[in-house]
Amino acid sequence: MSDLKYELKKQIIEELNLEDIQPEDIEDDAPLFGDGLGLDSIDALELVVLMEKYYGVKITDEETGKKVLASINAMSEFILEQKEKNK
Amino acid sequence: MYINAASTISHQPTFRNAGFSSNLRKLDPSSGLITPDYGDFIPAMERRRMSHVQKMAIACSLDCLQQAGIQQPDAIIVGTSMGCSINTKNFLDKILAATNGPLSPTSFIVSTHNTIAGQIALSLKNHGYNMTHTQNSLSFEQSLIDGILTIENGAQNVLVGGADEEEDTIYNMRARLKNEEIHLTCGASFFILSKNQDSITSARLVDVASFGLIDNTTGTIKNFLDTNNTLAEEIDLVLFAVSDQENKNDLKSIFQPWQMFDYQEITGTYYTNSSFAMHYAVDILSNKGHSIFGDKVKNILVCNNLIPGNLGLMLLKN
């Protein structure tokens, strides 16, 4: 597991108060919403705040949000992509 | 109006313990809250955003519905003085710590007073009337009055409760601003108020009244009793909370010392502790245990004068 993905999982667990869940329990490609981790719309807002707070990455529209917050893989790819753009 | 279920989480062994009034001891204010396993009542994914006050309220609400054998109340009405004070403190801390970044939406959402009644409704998937009353030490009495009016307007069963949680900052602020070093406790008490008497009815709520800015406590109590065709000597037990000795003397001018019991000795101090006092009264009247006040208690007056000028009165009979 890459350091970035592991960090993301730790931050999600802490920010969303996911009791009894360890970073290892979250699959990189599993959906974060619905049948996957079971997050809801308030969590989506928290994830948008988390991305900006820890990585300086802004999600400004709903379509991007749906795509980027789909899984840990999608989040980490978006962070790396934005960092590359801002180099 | 009938009370068909009652449930309390407090610093005393009250939860799912009918007859508790027979063996409560004087409360040590530094004691901890006695809670059930909230996992039995609230799924983990819902529980993670909740502070004490929300978890207590939901557990008591579900317990009440189970006792009364009903799936959905027609209304959910909650009285709280301080609301979700722990989450409010967290939200304020995050504002102070924030620089230019966005603020967490959850902290705001779960810090409003009406989060408690809202979370109960979400938990039950209830779409009925949902109301929160915050009126300082009279928040619970206001909720009860709303519950009675809701039933008079056609509802059959109404869930009414009072809930508050302790928070160190509030204690410290009071200590600094008012020079009052009162160790606040916390609790939640919920009831099913029903139009109809039933085999599960524990007590009858004859009347509730709430008064602000009063300067004549004795006259107000006498008028309340007159309105309900009850003589002071017919009251078997007065459960009272007073702010000072002067208020206690007012009560002593109406009632005999043997009729009076300071309910803060068992509830501790929080601004909706009259809801705990009402459950205490219901438990005594239902006679499931052997009350220290004897087995012949039939009429109980709960007299909430916790804050000077604020007076809440509740008359209960078996």
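**Exercise 1. State what share of chain A is buried, and describe the overall build of the chain.**

Solution. The model is a predicted one. Step 1: of the 87 residues in chain A, 24% are buried. Step 2: chain A contains four helices and zero strands, and its pattern along the sequence reads α-α-α-α. Step 3: the C-alpha trace of chain A spans about 40 × 25 × 20 Å along its principal axes. Step 4: a compact globule of 87 residues would have a radius of gyration near 12 Å, and the value for chain A is 12 Å, so the two agree. Step 5: take the contacts in chain A between residues at least 6 apart in sequence; 51% of these join residues at least 24 apart.

**Exercise 2. Check the length of helix α4 of chain A, then work out where its buried residues lie.**

Solution. Step 1: α4(A) covers residues 72–85, which is 14 residues. At 1.5 Å a residue the helix should span 20 Å, and its end C-alpha atoms are 20 Å apart, so expectation and model agree. Step 2: the buried residues in this helix are Ile72(A), Met75(A), Ser76(A) and Ile79(A). Step 3: looking down the axis of α4(A), the buried residues fall within an arc of 95°, and therefore they line one face of the helix. An α-helix has 3.6 residues a turn, so residues three or four places apart point the same way. Step 5: the cover over the buried residues of α4(A) includes α1 (3–15), α2 (41–55) and α3 (62–68) of chain A. Step 6: on the face turned away from the buried side sit the exposed residues Glu81(A), Glu84(A) and Lys85(A).

**Exercise 3. Describe how the two domains of chain B meet.**

Solution. Step 1: chain B is divided into domain 1 (2–194) and domain 2 (203–317). Their centres, taken over C-alpha atoms, are 22 Å apart. Step 2: 42 residues of domain 1 of chain B are in contact with 35 residues of domain 2 of chain B. Step 3: on the domain 1 side, β1 (2–9), α6 (139–152), β4 (157–164) and β5 (187–194) of chain B each supply at least two residues. The largest share, seven residues, comes from α6(B). Step 4: sorted by class, this side of domain 1 of chain B has 19 nonpolar, 19 polar and four charged residues.

**Exercise 4. Count the residues that chains A and B bring to their contact, and sort those of chain A by class.**

Solution. Step 1: eleven residues come from chain A and ten residues from chain B. Step 2: the chain A side divides into four nonpolar, two polar and five charged residues.

Definitions and conventions:
Residues numbered from 1 in each chain as written. Chains lettered and ligands numbered in written order. Predicted model: local features only at pLDDT ≥ 70, side-chain atom pairs only at ≥ 80, totals over all residues. Rg over C-alpha atoms; globule rule 2.2 N^0.38 Å. Buried ≥ 20, exposed ≤ 12 C-beta atoms within 10 Å, placed from the backbone. Contact = placed C-beta atoms within 7 Å. Domains from an automatic or database assignment. Nonpolar A, V, L, I, M, F, W, Y, C, P; charged D, E, K, R; others polar. Expected span 1.5 Å × (residues − 1). Arc of directions from axis to C-beta.
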